[in-house]
Amino acid sequence: MTGDPGVDALIRQWAAEREQSAEQKEVDRIASAWLADAPQPAPGIPGQRSRTGADSWANVDSADPGYLAAMRSRLPEVPAELLNAAAGWWQMIGDVAEAERWWDAGISPLDQRALDYRAAGLTPADLSKRLGPLTVLEHLRRGSAPAWCVARLARQRRDAS
């Protein structure tokens with residue numbers, strides 16, 4: 001699906017967790033109908049409800065539409081809920097252009113480990129550099145710590161100069 005076995009396994013696990021039996025669907029339908037009959041309290045802080053109403057509240061998207069569009073173009077078969085959740089994490093990386101550099105370097109849009117890699121000091125350009133027979137990205141996929149990769153890259157730069 002994405003080319004990264006870890007991310008593909010995550011997608012399969014996510015889809016399996018959301019599959020529901022006919023019995024579970026019926027239970028959810030009955031619960032939804034029952035809850036729909038209950039009175040809905042007005043949103044807001046209790047002390048302010050008399051001056052405001054539901055009309056003063058706006059829906060907030062948890063994910064930037066720019067991220068969602070960029071992610072959907074790369075992973076069109078992934079469910080929207082999963083993309084929304086992943087986009088929320090990627091927004092912490094920076095703007096869409098920076099996230100796309102990570103994606104172009106080989107990190108899947110569903111792989112949130114880029115936050116850890118960035119915090120350790122790695123950049124998208126570092127992922128293609130070789131540390132012995134493997135690239136930094138291959139080392140990371142095999143479980144090497146990002147800090148170890150940063151230290152090895154620093155030693156390589158020091159030895160080269």
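Buried means under 20% relative accessible area, exposed over 50%, and partly exposed in between, with a 1.4 Å probe and protein chains only. What we have here is a predicted model, with local features needing pLDDT of at least 70, side-chain atom pairs counting only at pLDDT 80 or more, and totals for chains, interfaces and linings using all residues. Numbering starts from 1 along each chain as its sequence is written, and side-chain values use heavy atoms, with hydrogens and water left out.

**Overall layout**

The protein chain has eight helices and two strands; helices (H or I, at least four residues) and strands (E, at least two) are DSSP runs, numbered from the N terminus. Read from the N terminus, the order is α-α-α-α-α-α-β-β-α-α. Of its 161 residues, 27% count as buried. Taking contact as heavy atoms within 4.5 Å, residues 24 or more positions apart account for 48% of the contacts with a separation of 6 or more.

Let's start with helix 3. A side-chain oxygen of Asp-64 reaches to within 3.0 Å of the backbone nitrogen of Gly-66 at the start of this helix. Its buried residues are Tyr-67, Ala-70 and Met-71. Viewed down the axis, these buried residues fall within an arc of 95°, so they line one face of helix 3; the arc is that of the directions from the helix axis to the C-beta atoms. Pro-65 and Ser-73 are exposed on the other side. The buried residues of helix 3 pack against helix 4 and helix 5.

In helix 5, the buried set is Glu-98, Ala-99, Trp-102 and Trp-103. They sit on the same side of helix 5 because they cover an arc of only 145° around the axis. Their cover includes helix 3 (65–74), helix 4 (80–90) and helix 6.

| C-alpha pair | Separation along the chain | C-alpha distance |
|---|---|---|
| Ala-97 and Tyr-67 | 30 residues | 9.5 Å |
| Arg-152 and Leu-131 | 21 residues | 7.2 Å |

Ala-97 is partly exposed because its relative accessibility is 38%. Arg-152 also counts as partly exposed, with a relative accessible area of 24%. Not counting residues up to four places away in sequence, Arg-152 touches Leu-131 and Gly-132.

The model has one cavity of 30 Å³ or more, and the largest cavity has a volume of about 30 Å³. A cavity here is a set of points, on a 1 Å grid over the protein atoms alone, where a 1.4 Å probe fits but cannot get out; lining residues have an atom within 4 Å of a point. Grid points are joined across faces, edges and corners, and the volume is the space filled by probe spheres set on the points.

The lining is made up of Asp-4, Gly-106, Ile-107, Ser-108, Asp-111, Arg-113, Tyr-117, Leu-137 and Arg-141. By class, that gives three nonpolar, two polar and four charged residues, where Ala, Val, Leu, Ile, Met, Phe, Trp, Tyr, Cys and Pro count as nonpolar, Asp, Glu, Lys and Arg as charged, and the others, Gly among them, as polar.

Asp-111 lies in the loop between helix 5 (96–104) and helix 6 (114–120). Asp-111 counts as buried because its relative accessibility is 5%. Its side chain makes a polar contact of 2.6 Å with that of Arg-113; such a contact is a pair of N or O atoms within 3.5 Å, where, within protein, one must be able to donate a hydrogen and the other to accept it, and residues adjacent in sequence count only if both atoms are side-chain atoms. Leaving aside neighbours within four places in sequence, Asp-111 is in contact with Asp-4, Val-7 and Trp-90.

Notes. 1 Å grid on protein atoms, 1.4 Å probe; cavity = no way out; pocket = protein on both sides within 12 Å on 5 of 7 lines; lining within 4 Å.
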